[in-house]
Amino acid sequence: MIEQLQALRTRALARLEALETSGDPGALEAWRVEFLGKKGELSSALRLMGSLSAEERPVVGQVVNEVREELESAFAQHKAQAEAQALRAREAGDAVDVTLPGRTPFLGAEHPLQKVIRRIEDIFLGLGFAIEEGPEVELDYYNFELMNFPKDHPARDMQDTFFVTEDLVLRTHTSPVQARTMEKMQPQVPVRIIAPGKTYRRDDDDATHSHAFAQVEGLVIDRGVRMSDLKGTLLTFARQLYGADQEVRLRPSFFPFTEPSAELDVRCIYCGGAGCATCKQTGWIEILGCGMVHPRVLELGGYDPHEVSGFAFGMGVERVAMLLYGVTDIRQFYLNDLRLLEQFSGLAH
Ligand code: PHE
């Protein structure tokens, strides 16, 4: 019996040795079950102890214990080795070669138009305005109908408007956000919002026209709003944007949704008013359309024009940006020419 146990030990250790190279954790566990498990070979040997004499029993028992301890410690050692090896293999796989030269990513920059929109937003947020948004694909109803465009108004003509369907257009201005805001807020006052966004018109692209451009709309409705409120707000805006001594003027104009309507000119940023090519020798440059909200528009929006009044304005972001940065061709904003964009990254120059 003692010989059997010795043989078992030799066999078990030899098998364990052979496993080492396979590196399979399942095989190691199978080995443990086969030799050390409850139904394993060592346990079977133990069961035979009953048939031994009283003198033989302690002697054999000691050998059984020795063999068990030896096998258990050999198993633990192999298991630890296998785990360490697996860890090393994983680490080798994840290794980073820190001596490789790095790749320098191109740093993006905020687009100049987005930069200007953010500046405009900051100014109006500071004046207590909230920001609203509306869809670029807009119902005729909001783009025209609620903004008091008569059915046969020339701006509805196919020449100016991209129609998606008969009732659906690419919005030609951000003014439909006025109608959407009134619909949502009526009859509450005050309304004090700006609405930045993309707008579309069937224009041929040239130095001053783009079929896609950005506007920032403004709308204020409250009790007792007057034209002087409009002018004061726009003067404050122009001075924050272009400088504390910036002069502005209102010039009569026409829009179906404002009455009276006006255009806001700023003193030419380039010549200071002396007259130059940019201001066409007038000394003034137009930056936005504005006016007192037409009573009919208030009514269509759910407000009582006898109770409240309001003003509105809409500015072309490209125009404001061109003046601010001295860009002379509107197409520059859409060419994605890195030589222009890099100037706004804060890195170049
Ligand atoms: N929606 C007008 C345009 O696109 C601008 C405007 C807005 C005028 C609000 C008056 C009031 O030209």
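**Helices against a sheet**

Helix H7 (residues 176–185) lies across S4, S5 and S9, running at about 35° to S5, where contact means heavy atoms within 4.5 Å and axes are lines fitted to C-alpha atoms, for helices over the stretch in contact, with angles running from 0 to 180 degrees between N-to-C directions. This is a predicted model, in which local features need pLDDT of at least 70 and side-chain atom pairs count only at pLDDT 80 or more, while totals for chains, interfaces and linings use all residues. Residues are numbered from 1 along each chain as its sequence is written, and side-chain values use heavy atoms, with hydrogens and water left out.

Helices (H or I, at least four residues) and strands (E, at least two) are DSSP runs numbered from the N terminus. Seven strands form an open sheet in the order S1-S4-S5-S9-S8-S7-S6, with mixed pairing; two strands pair if DSSP finds at least two bridges between them. Strand S1 (130–131) and strand S6 (248–255) are the edge strands, each pairing on one side only. Strand S8 (residues 284–293) pairs with strand S9 (residues 309–316) in the antiparallel sense over five bridges, and Gly289 stands opposite Gly314 in S9.

Helix H5 also belongs to this picture, for H5 lies across S1, strand S4 (191–200), strand S5 (212–222) and S9, running at about 170° to S4. The axes of H5 (residues 112–126) and helix H8 (residues 227–242) come within 10 Å and cross at roughly 130°. The two helices are therefore oblique to each other, as angles under 35 degrees count as roughly parallel, over 145 as roughly antiparallel, 65 to 115 as roughly perpendicular and the rest as oblique. Their contact is made by Arg119, Ile120, Ile123 and Phe124 of H5 and by Thr233, Phe237, Gln240 and Leu241 of H8.
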